[in-house]
Amino acid sequence: MNKCLIVGRPNVGKTAFLLSFAKYCGLKELEIRVKTSDGTTISKRRSIDAAYSELVQPTSHTTQELQSVLLDLPFGKGQKTLELVDSSGLIDGIHPSPAIRRAMARTLEAIALAQIIIHILDAALIGLKGTGEGIGAIDWDLAEYAKQNREYLLLANKMDLSGANQGLALIRKSFTGVRVYPVSAKTMQGFKEVRRHVLRAC
Amino acid sequence: MAKSFSSSREIYQELAKGNISTVEALHALRKLQLNPMTPAAGDSRDNQVKSDDALEELTKLIGLEKVKNLVKEIQAYVKVQELRRQAGLKTEPLVLHMIFKGNPGTGKTTVARILGNLFKELGVLSKGHLVEVERADLVGEYIGHTAQRTREQIKKALGGILFIDEAYSLARGGEKDFGKEAIDTLVKAMEDNKNELILILAGYQHEMDRFIRSNPGLSSRFPIVLEFPDYNLDELMQIAQLMVEEREYVFSPSAKECLYYLLKSLSTNYDENSGNARLVRNIIERSIRRQAVRLMAGKAKLDTEALKVLTEADIKAAMEDTG
């Protein structure tokens, strides 16, 4: 089974993208599998909306475990099952909380195991700052690391917000040689292209 | 950052402990990945190797040159369709339902099983298993029962291959026979589950030809027809050789000669089992048992050599059993 990992800094909308993308692919109810730090897997069933209000929060590091959903996508004869994995946000420096540091280590570990990496940037935030500094050091390194040996997609999220267009232009200028997909986890804008790319990569 | 790590595990641990920042961890991981000492095998390469495995298994079979070529053709076709899809070009739908024609023991089931593995590795089928059925498994006892039973078998085969042996017998009983109902259910299932099921109809050459002629809708739905010719004498001998080698036995020279003439006399007598690998297997397995009896009855010392050799007497005794 293909693993597709969603990575990015805190609060760029990784979980929102996961839930919204699952909805876009036709799922109404989710079976979210959460892998806890001791290796056990907890499974919970939620409707998309319930999951959204439970899992998506305005605070940093809402997601501290790897949580995944299975998506069935049509492929050739038959279906390809894709495991879409949501990860904990990555920051530049050393985080004071051991729990979050462990969560980040697990995220890096998951990158090595994934075939497809979806790297999400907050286009609105980058547009707001107006310069390249909205893109953190972690994003550069993440892109460089994740690009090797696997499919890599760069998503400029929050395109529904004002200022996101400038952000998108900045991202495109900064990450040359990488295809950037403008999306909005809220309005599902740009999802068609992302799905096509993911399917091709499976 | 200057610190170098020998394994990615070490990097994760350092990060979790707070000894290095995430950026440093990523740097270290990248360095480790660029290092050729830790080769990361690509997934697609894996698939390539596996589908070649399935193909190699096929190549090992004796004879069947036409079948092998066709399978290679199918493999190339599937791969090219996939590449075309990736390039955004128009693709043909993959219709891979097949008809296998040939006498018993000519390798139909064996090839079907290999195809299942091959299609699984190519990503055409999700499971690639083979469900072997015959008329009795599909046809029911009362009206409505047949559709139900047939659907059950189809359900079992989803993600793999449904192999219907002696498929012509489904059309045997005429209009009122339930076999017709089974055919209709199968045709419908082929349309409904066209992405998850490959159907193979197998049977004798003539019977299958008649069966397909009598059901005009079938030939268009089964674009691939493979003919399994009878094995000739040389091929049968090669098969016999392979079979004994696999079982770690050897023929004595006279045993080999004896088997040769035996198979030859069968083929000149137009025995329906001539050209049949199953017959060869039966003879060999029986002579292996005969050898065991001979060894136990004799007083000679049983060294490795004696345990391995099949003699002329073993083959003859085996043939007498067969009649």
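Mentor: A polar contact is a pair of N or O atoms within 3.5 Å, where within protein one must be able to donate a hydrogen and the other to accept it, and residues adjacent in sequence count only if both atoms are side-chain atoms. This is a predicted model, in which local features need pLDDT of at least 70 and side-chain atom pairs count only at pLDDT 80 or more, while totals for chains, interfaces and linings use all residues. Residues are numbered from 1 along each chain as its sequence is written, chains are lettered from A in the order in which they are written, and side-chain values use heavy atoms, without hydrogens and water.

Trainee: How many residue pairs are in polar contact between chain A and chain B?

Mentor: The count is seven residue pairs, both residues being at pLDDT 80 or more. On the side of chain A that touches chain B, α3(A) gives the most, with eight residues; helices here are DSSP runs of H or I with at least four residues, and strands are runs of E with at least two, numbered from the N terminus.

Trainee: Which strands pair with β1(A)?

Mentor: Two strands pair if DSSP finds at least two bridges between them. β1(A) runs parallel to β5(A), residues 79-86, over five bridges, with I6(A) partnering D86(A); five bridges also join β1(A) in parallel to β6(A), residues 116-122, where V7(A) stands opposite H119(A).
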